[in-house]
Amino acid sequence: MVASAAETPEIAIVGGGIGGLAAAAFLHRAGLPSTVYEQASELTPVGAGVVVAPNAVRLLRRLGVLDTFLERAVQLQVGWEFRRWQTGTVLSAENLEAACERLYGEHTYTAHRADLLDAIGSAVPAGTVRLGRRCVGLDAAGPRPVLRFADGEVVEPDVLIGADGIHSVVRSTLAEPSPATYSGLCAFRALVPAERAPSFARRPAQTLWIGPDHHLVHYPISAGRLVNLVAFAPAGDYSIESWTAAATVEEFLTEFAGWDPRLIDLIRAAGTPGRWALLDRAPLRRWSVGRTTLLGDAAHPMFPFFAQGAAQAIEDAAVLAACLAGDRADPARGLHRYEELRRPRTSRLQEVSHARSFVNHLPDGPEQEVRDASFRDADPLVANSWIYKYDPDAAIAEAVTGAGG
Ligand SMILES: Cc1cc2nc3c(=O)[nH]c(=O)nc-3n(C[C@H](O)[C@H](O)[C@H](O)COP(=O)(O)OP(=O)(O)OC[C@H]3O[C@@H](n4cnc5c(N)ncnc54)[C@H](O)[C@@H]3O)c2cc1C
């Protein structure tokens, strides 16, 4: 039987990453139980650092998990500290400590992805997540979605949310094919134990070293116990888009030969780096079919240059829960509304993140000098207020009154 207006719909979420757990947490808060099907057989602390900006922090507070999150996060005092690649000369830096809270009511933090996941997971009721469940197929055409798992289990929920990340199986069934294209870029990611990192990298600062064809970002995470390094470089013929693929320290060093010796020391101090090819995907034209929809990277994979991948998944979760809770009589209508509210914003973020990939990699010369001069007058925290001030509840209220978009 398909759930009717009076019933509580049975909601299945494929993927227990940041977006899937946030969806379960916000749905629970709205009085809607759900089941999360996660392919991993155990929850291990995979991944590295993430920036958690005010728009995401606001939602962690709303979920009641901010205190848990803060036990292992680092509050950034300085952000967008741009430095020249050979000398480390500071081109600009933004004092976040005072400005963030004044402008947006919350600070900006950095954290290990696993710590963010744990904090969000603490708002999910026990028994919600089923591990070792890899979704291998979906039929969304009937009155109820039909989900198939690798172990042969078949589930027919009333509502299905595909939060299964960048290689989403749910997306491949729902959306018209939108092939990933080669961006020519890859990212090296590594963690450095704080005791092996130079003091400049242990400061609560997000620092971006920019040079020809490359840039490197570092910031402390895990209550200051680790320094997170992520560096962008030409990909050559490397095309593996995976959070778990490894590279060698030598490959990482080769890409940054000739850069400031302090950075070379930092790379040398790193453990085995990960390497991840950045593939480019245009925004999807739709996310939902009937009672099935997408959320997070499954819906809108984006380059990491605005550090908004996790935040957008959490925002999706908050809006989705509000839309489903606000229209129990017709979940398909609720999903449609969710998509209408979220797609313009996430498409814009996909587009601006894409455009940013060129700016940091200019060769030295007149264009780079103009860019560097422009950094001096820039105020990214204010310029990107459309990202940081977003509040899902306000966005929903504005859509109802027609006061904004
Ligand atoms: C292992 C890993 C490490 C990451 N590390 C970083 C990092 O260091 N820095 C950073 O900025 N971002 C990282 N990310 C990406 C970041 O978490 C996402 O960009 C962002 O949080 C959006 O969240 P999401 O829930 O959409 O996707 P994700 O957080 O990627 O979650 C997707 C989830 O779906 C599960 N899944 C996938 N396919 C299936 C399937 N067929 N059946 C069932 N479950 C499935 C995955 O195991 C995963 O748990 C990482 C992602 C992963 C999966």
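In what order do the three strands of the open antiparallel sheet stand? The order is β3-β7-β4. The model is predicted: local features need pLDDT of at least 70, side-chain atom pairs count only at pLDDT 80 or more, and totals for chains, interfaces and linings use all residues. Residues are numbered from 1 along each chain as its sequence is written. Helices (H or I, at least four residues) and strands (E, at least two) are DSSP runs, numbered from the N terminus.

**The three-strand sheet**

- The strands of the β3-β7-β4 sheet pair in the antiparallel sense, where two strands pair if DSSP finds at least two bridges between them.
- β3 and β4 (74-75) are the edge strands, each with a single partner strand, so one side of each has no neighbour in the sheet.
- Two bridges join β4 to β7 (residues 109-112), and Gln 75 has Tyr 109 in β7 as its bridge partner.
- Helix α5 (residues 113-121) packs on this sheet and touches β3 and β7; contact requires C-beta atoms, placed from the backbone, within 7 Å.
- The direction of α5 makes about 95 degrees with that of β7, with axes as lines fitted to C-alpha atoms, for helices over the stretch in contact, and angles running from 0 to 180 degrees between N-to-C directions.

**The five-strand sheet**

- A second open sheet has the order β8-β2-β1-β12-β18, with parallel pairing.
- Its edge strands, β8 (129-130) and β18 (292-294), each pair on one side only.
- α1 packs on this sheet, touching β1, β2 and β12, and its direction makes about 170 degrees with that of β2.
- β1 and β12 (residues 159-162) are parallel and share four bridges; Ile 11 stands opposite Val 159, and Val 14 stands opposite Gly 162.
- β1 is also joined by four bridges to the parallel strand β2 (residues 34-37), where Val 36 is the bridge partner of Ile 13.
- Together, β1, α1 and β2 make a right-handed β-α-β unit; a crossover is right-handed if, with the strands pointing away from the viewer, the path from the first strand over the helix to the second runs clockwise.

**Burial**

- In β1 (residues 11-14), Ile 11 and Ile 13 point one way and Ala 12 and Val 14 the other, and all are buried.
- A residue is buried if 20 or more other C-beta atoms lie within 10 Å of its own, exposed if 12 or fewer, and partly exposed in between, with C-beta atoms placed from the backbone.
- Helix α2 (residues 54-63) has eight of its ten residues buried, including Pro 54, Arg 58 and Leu 63.
- Just after α2, Gly 64 takes a positive phi of about 80 degrees.
- Glu 81 lies in strand β5 (residues 78-84) and counts as buried because it has 21 C-beta neighbours inside 10 Å.
- Beyond its neighbours within four places in sequence, Glu 81 is in contact with Val 90, Ala 93, Ala 205, Gln 206, Thr 207 and Leu 208.

**The ligand shell**

- Of the 33 residues around the ligand, Gly 15, Gly 17, Gly 19, Gly 47 and Gly 296 come nearest; a residue is near a molecule or strand if its C-beta atom, placed from the backbone, lies within 6 Å of it.
- α1 (18-29), β3 (49-52) and α10 (309-326) are the elements that give two or more residues to this shell.
- The shell has 15 nonpolar, eleven polar and seven charged residues; Ala, Val, Leu, Ile, Met, Phe, Trp, Tyr, Cys and Pro count as nonpolar, Asp, Glu, Lys and Arg as charged, and the others, Gly among them, as polar.

Methods:
Contact = placed C-beta atoms within 7 Å.
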